[in-house]
Each structure stands twice: as C-alpha cells, then as structure tokens.
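Dear colleague,

Here is the structure I promised to hand over, and below it I have set down what I found when going through it. Please read it with the model open beside you.

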Amino acid sequence: MRLRVGSTQTLQVSIEGGDTETVPVFSSDNPGIASVDDKGTVIGLRRGTTVIRARAGGKEASCTVEVWDSRGSSDRGSESRQSGRSQDSSAVVGTWTMAEDGSWSFSSGETVYRDSWGYLHNPYANQGNGESGWFRFDSEGKMVVGWYQDLDGRWYYLNPVSDGSLGKMLTGWQWIPDASGREYCYYFYPDSGSPMGSMAAGLTTPDGYSVNEQGRWCVDGEEQTR
C-alpha cells in the first residue's frame with residue numbers, strides 16, 4: 001500500500017483460518033510513519049515504510065505501507081532541513097483549531113488526527129523554533145501537552161508552554177519541574193538509539209551522562225536539581 005502524507009485508507013482484513021467472529025486488533029510497527037485505529041483506518045504521517053498488522057483468533061495478517069510526500073519518495077535516507085521560515089515539505093499542512101476549553105486539534109483535508117502522532121506544520125511557531133515538529137493527539141483529537149506515556153511504557157514530553165510551539169515533542173536535555181516546582185534534567189533521544197523523543201532511563205546517555213530509572217540526571221547517584 002502507498003499513502004501520501006496526511007491521507008488515509010481503511011484495510012479490509014482477511015485472515016485465513018482465523019475466527020471470523022473475532023474483532024481484529026490493529027497495530028503499526030512504526031506509528032510515527034503510519035498509524036492505524038481500531039477500525040483499520042491507516043493514516044500516513046511521515047515519509048518512510050512500516051508494517052501494519054492485524055491479529056485475530058490467534059492468526060496474523062500484515063500489510064507493508066509506504067508513505068510518500070509531495071516529492072513522491074519515501075524517507076530512506078537522512079532528512080534535509082531548511083533554515084529560516086521555509087516550510088518543511090515533509091510536514092503535513094492543515095488546520096489548527098482551538099476549542100473553548102483551550103485544547104487544540106488538527107485536521108488535514110477530511111482527516112482529523114486522533115490517538116496518533118503527527119509531523120505537522122505549525123504556523124504559530126516563533127522565529128528560531130521552526131515551523132514543523134512532532135505532536136501527539138489523544139483519542140478525542142485533543143493535542144497532548146506535558147508528559148505522555150505510550151503503550152510500550154516509553155515516556156515523552158510535549159512542550160506545555162504557550163510560546164508558539166505548544167505541544168511540540170521536545171528532544172535532547174530538558175529541565176522539567178515536578179509538582180513542587182523543583183526542576184530535574186532529563187534526556188530525550190533526538191533521532192537515533194531509541195524511538196525519537198523517548199526518554200532515556202537507567203543508563204548512560206550518548207553524551208556520557210548517567211540517568212536513573214526515573215530518567216533524572218545523576219552525579220555519583222545523586223539527582224541533580226535546580
């Protein structure tokens with residue numbers, strides 16, 4: 001299957017030998033490239049290739065999905081980035097809408113982003129913050145801010161500050177306050193070594209610093225704060 005970034009297609013599942021009365025469970029090997037909902041509707045999010053799987057009655061069917069953008073190619077190499085205010089052509093362009101409760105949603109054409117990641121164009125970004133980035137939406141289509149944990153237990157942090165990049169997934173080292181206001185330093189993978197944006201925990205980071213099981217930077221076992 002080939003999908004353009006921002007487009008959708010619903011899978012028709014046939015699992016030979018499976019229980020036809022069992023509702024299939026869908027999943028994506030890389031939901032950052034293409035995600036799938038519980039009805040089998042796949043949405044292309046970013047250039048690349050992934051596999052969509054459907055499981056039912058102890059059987060499994062799979063479908064390889066290639067997502068392409070306006071340049072007509074999938075992302076098999078490194079991504080080029082433009083400086084200044086030029087729009088990133090791999091980002092989905094659409095409409096941002098703020099509800100009365102202050103939450104944001106995003107749609108592109110007839111597609112409303114729900115329970116998925118999206119690499120999106122952000123027209124509100126301040127100079128220097130860029131015009132595109134990864135955003136997460138909950139099952140109601142509301143943009144997530146602050147801490148977010150995925151189904152695999154990985155933690156991410158979506159910018160909670162209304163500075164023009166509200167909701168954007170943060171990467172690298174970040175000082176983040178707890179409920180009392182005390183700040184701890186966390187490391188979120190920039191683009192390799194683990195899913196992009198996921199928090200490092202219980203290890204030594206690629207630049208040689210220790211973080212504990214809570215992801216907090218430690219020196220000689222002591223959490224660093226400010």
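R46 sits in the loop that joins β5 to β6, and with a relative accessibility of 13% it counts as buried, because it falls under the 20% limit. Its C-alpha atom is separated by 8.0 Å from that of V92, a residue 46 places away along the chain. Another loop residue, S139, is found between β12 and β13 (146-149), and here the relative accessible area is 56%, so S139 is exposed. Neighbours within four places in sequence aside, S139 is in contact with R114 and D115, while its C-alpha atom lies 8.8 Å from that of Y113, 26 residues apart along the chain.

Please keep in mind that this is a predicted model. The protein chain has an average pLDDT of 82, and 84% of the residues score at least 70. Over residues 70-86, however, the pLDDT is below 50, although this stretch has 30 contacts in the model beyond near neighbours in sequence. Where pLDDT is low, the predicted coordinates should not be read in detail.

As for the overall build, the protein chain has 20 strands and zero helices, and 40% of its 226 residues count as buried. Of the contacts in the chain with a separation of 6 or more, 47% are accounted for by residues 24 or more positions apart.

The largest nonpolar core has 32 residues, of which W96, Y113, W117, L120 and F137 touch the most other members. Strands that each supply at least two residues of this core include β6 (48-56), β7 (59-68), β11 (116-121) and β12 (132-137), and the core draws at least three residues from each of domain 1 (2-68) and domain 2 (95-169). For W117, leaving aside neighbours within four places in sequence, the contacts are L45, W134, F135, R136, Y148, Y156, L158 and M169. Apart from this core lies another, made up of seven residues, among them L170, I176, Y184 and M199. In soluble globular proteins, nonpolar side chains tend to be buried together.

The aromatic residues deserve a paragraph of their own, as the structure holds 21 aromatic pairs. In the pair formed by W147 and W155, the ring centres are 6.0 Å apart and the planes stand at 90°, so the arrangement is edge-to-face; W147 counts as partly exposed at 33% relative accessibility, and W155 likewise counts as partly exposed, at 34%. Y157 and F188 instead form a stacked pair, with 6.5 Å from centre to centre and 25° between the planes. Because Y157 belongs to strand β14 (residues 155-158) and F188 to strand β16 (residues 183-188), this pair ties together parts that are 31 residues apart in sequence, and both Y157 and F188 are buried.

One aromatic cluster is formed by W173, W175, Y187, Y189, Y209 and W217.

With best regards

Note on methods: Residues numbered from 1 in each chain as written. Predicted model: local features only at pLDDT ≥ 70, side-chain atom pairs only at ≥ 80, totals over all residues. Heavy atoms only, no water. Phe/Tyr/Trp six-rings, centres within 6.5 Å; stacked < 30°, edge-to-face > 60°. Buried < 20%, exposed > 50% of the residue type's maximum accessible area, 1.4 Å probe, protein only. Helix = DSSP H or I, 4+ residues; strand = E, 2+ residues; numbered from the N terminus. Core = buried A, V, L, I, M, F, W, Y, C linked by side-chain atoms within 4.5 Å. Domains from an automatic or database assignment. Contact = heavy atoms within 4.5 Å. pLDDT = per-residue confidence, 0-100.
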